[in-house]
Amino acid sequence: MITILVRYNLQSYHHALYPILTSRYSGLFSLTDSVEHCLRRDANRILVILNFFKQRYAQVEANRALLVELRQRYRKVVLFDDSDGADSLHGELIDLVDLYYKKQILVDRQHYLKPAYGRQRFSDYYHQVAGVTDERPEIREAIASEAELSKLRLAWNLGLAAYPFNRLRRHASLWLQRHAGWAVARLAYPRMRPRLHGRIEKLPVVQARFSHTAYSASIGYQRLLFGRLFAQDGRVKTGRVSKAAYEQELQTAAAVVSPFGWGEVCYRDFEAIIYGAALLKPDMGGVDTWPDIYVAGETYYPLDWQGRDAAEVVNRVISCPREAAAIALNAFDRYRACISAAADRVDLFVSEVLA
């Protein structure tokens with residue numbers, strides 16, 4: 001069997017673990033949130049670490065010391081990095097693991113051999129082109145060598161979950177996992193049933209309701225920039241509304257704007273798809289991810305990272321509703337096809353971990 005050492009939260013439990021827990025391999029994995037169990041009592045010889053080092057970038061010595069202990073205990077140690085961005089690597093730990101999985105990876109892996117301001121490619125970009133600085137700057141240090149880069153593997157992203165969210169089932173299943181284990185928690189665990197929830201006939205409206213205030217300056221700059229641009233267009237809905245009003249708009253809006261958050265792939269991307277809205281998103285061409293719903297001009301409208309084509313793209317969505325509807329449908333069909341192939345991704349993951 002394979003042990004997964006996990007720090008539970010809703011994202012790790014309902015996204016990173018989703019394909020595993022709902023696969024034919026679920027019985028192959030043993031879940032624990034106890035380091036003590038791993039170091040003293042675990043009989044398994046392969047360890048996958050999920051979400052355990054997330055945001056603990058400053059605790060380098062403690063993180064490395066723990067990994068050294070775990071390596072003495074296990075034949076193979078795999079890190080499943082559940083952090084949001086393609087560039088938010090734990091470069092300080094990669095030499096101590098056998099494989100390193102991420103939800104999304106930069107297409108140009110040579111970028112990892114250089115440091116990145118704000119720990120993201122896009123935060124580094126806005127730091128360089130717009131002079132954006134953070135009050136407490138974080139730097140993703142350069143990966144030491146090509147040999148370390150060869151450990152990188154692509155896992156799966158936020159798309160693998162049950163949309164729209166049933167919050168009661170999500171919280172109930174996580175509580176049951178912690179207190180009763182998977183045998184009981186699976187009874188409440190949400191399952192994916194991909195279907196369109198939105199209206200076929202859409203209103204000539206683009207939804208762009210997002211905020212930048214929860215982020216560092218370099219991470220949130222893109223949201224600030226696009227928020228200001230779209231606020232000037234009367235056809236675009238901006239500002240805050242209730243969750244119910246937000247979901248109602250998703251059903252009727254022709255398109256949804258989804259800028260990057262802490263990472264490139266966002267919940268809003270998949271919410272737009274299942275509600276049948278065309279996705280407007282900063283160009284994703286440099287990101288390798290799966291489910292890969294990002295085919296420029298076919299499944300989403302790519303936006304220039306500085307927003308120079310924002311008004312033009314909104315004009316196109318409003319003036320060509322059939323094109324927008326076709327792009328939305330293409331995205332849903334591609335998303336559904338990816339979901340159908342999820343078992344193959346888990347097969348590959350398991351075979352690589354067991355090898």
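**View 1. Packing of helix α5 against helix α9.** Helix α5 (residues 121-130) packs on helix α9 (residues 217-231) at an angle of about 80°, and their axes are 8 Å apart. Because of this angle, α5 is roughly perpendicular to α9. The model shown in this and the following views is predicted.

**View 2. Residues in the contact of α5 with α9.** From α5, the residues Phe122, Ser123, Tyr126 and Ala130 take part; they meet Ser218, Ile219, Tyr221 and Gln222 of α9. By class, this contact of α5 with α9 comprises five nonpolar and three polar residues, with no charged residues.

**View 3. The largest pocket.** The volume of the largest pocket is about 880 Å³. Its lining consists of 29 residues, of which Tyr215, Arg223, Tyr246, Tyr267 and Arg268 are the closest to the centre of the pocket. Two or more lining residues are given by each of the elements α1 (10-16), α7 (167-180), α10 (243-252) and α11 (267-274). Divided by class, the lining of the largest pocket has 12 nonpolar, eight polar and nine charged residues.

**View 4. The second largest pocket.** A volume of about 420 Å³ is found for the second largest pocket. Among the 19 residues that line the second largest pocket, Gln55, Glu138, Ser216, Ile219 and Trp262 lie nearest its centre. Ile219, one of these residues, also belongs to the α9 side of the contact with α5. The lining of the second largest pocket divides into five nonpolar, seven polar and seven charged residues.

Conventions
Residues numbered from 1 in each chain as written. Predicted model: local features only at pLDDT ≥ 70, side-chain atom pairs only at ≥ 80, totals over all residues. Heavy atoms only, no water. Axes fitted to C-alpha atoms, helices over the stretch in contact; angles between N-to-C directions. Helix = DSSP H or I, 4+ residues; strand = E, 2+ residues; numbered from the N terminus. Parallel < 35°, antiparallel > 145°, perpendicular 65-115°, else oblique. Contact = heavy atoms within 4.5 Å. Nonpolar A, V, L, I, M, F, W, Y, C, P; charged D, E, K, R; others polar. 1 Å grid on protein atoms, 1.4 Å probe; cavity = no way out; pocket = protein on both sides within 12 Å on 5 of 7 lines; lining within 4 Å. Points joined across faces, edges and corners; volume = space filled by probe spheres on them.
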